[in-house]
Amino acid sequence: MKLQYKGEKPFQPVTPSQYPQPKLLEQKPTELLTLTPWLAPIVSEGTFDPELLHRIYQPLNLTVGVTVFAVGKYTQFVQHFLESAEQFFMQGFRVHYYVFTNDPTAIPRVRLGSGRLASIIPIQGHSRWEEISTRRMETISQHIAERAHREIDYLFCLDVDMVFRNPWGPETLGDLVAAIHPGYFAVPRQQFPYERRPLSTAFVAGGEGDFYYGGAVFGGRVARVYDFTRGCHMGILADKANGIMAAWQEESHLNRRFISHKPSKVLSPEYLWDDRKPQPPSLKLIRFSTLDKDTDWLRS
Amino acid sequence: MVTALGPYGSNVFSLISTWQREESQSQDTHSVVLQRMQPEKKESSERDCHLDTCRIPEVPRLVYPKAQLLKPTRVDVLVMTPWFAPIIWDGTFDSAILDAQFRNITVGLTVFAIKKYVVFLKLFLETAEKHFMVGHKVNYYVFTDQPANVPQIPLQEGRQVVVLEVRNYKRWQDISMHRMEMISNFSQQRFLREVHYLVCLDVDMKFSDHVGVEILAPLFGTLHPGFYRGDRQSFTYERRPLSQAYIPRDEGDFYYAGGFFGGSVPEVYRLTMACHQVMMADQANGIEAVWHDESHLNRYLLYHKPSKVLSPEYLWDEHMLQRPPLLRKLRYVAVPKNHAEIRNR
């Protein structure tokens with residue numbers, strides 16, 4: 001049986017429009033790096049023209065998927081997550097939320113806009129939160145194989161205990177997309193909380209690393225997300241067999257994989273912020289951030 | 001076997017990697033193992049995508065300095081367009097990483113040496129051997145009306161010259177414009193099977209510094225050295241609405257140079273085919289665009305945004321322009337020529 005991904009679209013011409021000419025000779029210093037050394041864009045406010053992008057992407061009739069995991073007490077975050085997504089996430093696009101939960105009855109019915117759907121997918125609960133955390137990669141890759149490849153073009157895998165605060169649009173679309181973790185963007189690579197034990201498949205040596213990416217946001221074309229999550233899952237399985245669990249579970253494996261399979265687009269910490277941190281002047285607009293919460297209680 | 005390329009704008013490429021589902025023996029009864037079928041054809045392994053590259057290549061462990069989010073590498077120039085195409089300047093890229101990402105690709109370079117222009121080939125090819133895609137596989141496609149006059153020059157491993165005999169035209173403008181037709185014909189007939197990317201260059205030039213895989217993208221254009229500072233109103237776009245190359249005064253991103261463009265074979269095919277067709281339409285309407293194929297290229301790239309833009313480092317003329325400090329390197333530069341002497345003989 002063949003898995004047929006949703007059809008590929010050819011290069012679509014952009015209709016004529018009025019927009020300002022790009023200014024090639026920038027005299028003002030830009031505050032954030034806008035390109036990685038492998039020429040992947042780093043997305044932040046001011047680097048893109050939202051209207052232009054909308055007109056490039058709109059005619060393609062794309063469907064964007066979102067996976068969130070709401071297991072145990074995390075079901076309480078779904079309402080706020082979905083309501084804020086309805087306000088800010090991919091306005092004008094077809095969206096399909098996939099909510100994975102061990103308790104479908106605890107998922108509230110949230111009113112969705114036109115062209116937007118939610119599917120609730122039952123999964124097994126686990127007594128240990130580490131178990132839940134390390135099963136997501138496997139669950140996502142299976143979900144893509146079993147159904148999502150037919151339903152969506154792009155997929156974002158997001159943490160549920162978060163809220164959208166400002167627009168998140170087609171500027172985030174790319175083959176394979178990572179987000180810079182808000183806690184480590186100003187820190188040298190030796191201080192990144194990579195897994196440092198060589199026994200783990202997530203091991204990163206001292207001289208390696210580009211950015212420390214957050215496990216709460218990643219995505220891309222559905223085929224690339226399939227490859228990525230499967231690769232992470234294989235690493236997690238190998239570690240399990242060797243009786244080791246990486247320092248930050250899936251986030252460690254995600255970071256290992258993003259070194260050898262560099263993302264084609266990187267989201268600045270505007271797209272993954274921690275509200276407990278003071279907002280630096282270089283970050284103009286916070287779009288997606290944590291809810292302050294009592295993590296110990298949630299994981300008990 | 002060549003993938004049939006349909007009319008301009010339609011969806012023509014079938015899926016690249018097809019997946020077969022197999023039941024597997026594993027602990028979890030719900031899991032399935034997906035076997036990826038190896039793409040058989042070169043064109044399918046480097047499939048073009050409208051906006052993304054569709055490749056996430058794996059790189060080995062490398063040592064290189066870490067990028068810093070709070071320290072942009074260039075503050076004197078724009079390094080990314082508003083549609084996220086990188087603008088390639090020295091200092092924005094790391095060749096160690098890019099070479100690893102682009103290993104195992106073959107680049108086709110097209111160059112036209114018609115009538116007296118054969119005289120430029122020797123220096124062009126010799127300097128290309130030193131600077132163009134060093135370490136990667138290269139096919140030089142030399143279009144000429146005098147195959148016997150193509151010089152033999154020593155080539156590095158993995159590089160070859162392919163001589164393609166074509167007709168000449170009386171007027172140099174026609175020679176220039178028909179390059180589009182010839183590239184589109186050969187794209188379909190052979191380039192699709194032989195290379196991953198095409199780089200379409202003028203011959204009356206030489207390479208003077210590194211030109212590498214940092215330029216490769218589904219579709220790229222180069223900033224014309226005479227107009228990178230200018231306002232769109234001053235760009236020498238075709239301004240007569242009768243021409244297919246017409247661009248109104250309030251539109252335009254950049255003025256791109258006709259002498260350096262490229263991309264994946266399917267995208268270059270689309271571009272050259274489209275430009276050829278509209279040039280024929282203009283001819284039927286008794287009009288010739290002010291800068292010929294360059295005018296049509298500019299219209300195409302306005303409405304089909306390139307995925308990378310090369311800075312004027314990649315196309316410069318030292319004899320016509322004074323080099324500003326923002327140009328840290330000159331990579332591909334004009335060779336002086338006597339225009340009256342060399343054209344139309």
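B:Glu294 is found in helix H6 (residues 293–303) of chain B, where helices are DSSP runs of H or I with at least four residues, strands are runs of E with at least two, and both are numbered from the N terminus. The model is a predicted one, in which local features need pLDDT of at least 70, side-chain atom pairs count only at pLDDT 80 or more, and totals for chains, interfaces and linings use all residues. Residues are numbered from 1 along each chain as its sequence is written, chains are lettered from A and ligands numbered from 1 in the order in which they are written, and side-chain values use heavy atoms, with hydrogens and water left out.

The UniProt record, an unreviewed entry, places the feature "active site" at B:Glu294; such positions are given in the numbering used here, feature names are shortened, and annotations may be inferred rather than shown by experiment. B:Glu294 counts as buried because its relative accessibility is 13%, buried being under 20% relative accessible area, exposed over 50% and partly exposed in between (1.4 Å probe, protein chains only). Not counting residues up to four places away in sequence, B:Glu294 touches B:His224, B:Tyr255, B:Tyr256, B:Ala257 and B:Gly258, contact meaning heavy atoms within 4.5 Å.

Turning to chain A, an unreviewed UniProt entry places the feature "binding site" at A:His181, A:Glu251 and A:Asp274. A:Glu251 belongs to helix H5 (residues 250–260) of chain A and is buried, with a relative accessible area of 15%. Neighbours within four places in sequence aside, the contacts of A:Glu251 are A:His181, A:Tyr212, A:Tyr213, A:Gly214 and A:Gly215. A:Asp274, by contrast, sits in the loop between strand S10 (265–267) and strand S11 (288–290) of chain A. A:Asp274 is buried with a relative accessible area of 9%, and touches A:Pro182 and A:Thr290, not counting residues up to four places away in sequence.

Helix packing can be followed in chain B. There, helix H4 (residues 172–194) and helix H5 (residues 265–284) pack at an angle of about 145°, with their axes 8 Å apart; axes are lines fitted to C-alpha atoms over the stretch in contact, and angles run from 0 to 180 degrees between N-to-C directions. Residues making this contact include B:Met177, B:Ile183 and B:Phe191 of H4(B), and B:Val265, B:Tyr269 and B:Met280 of H5(B).
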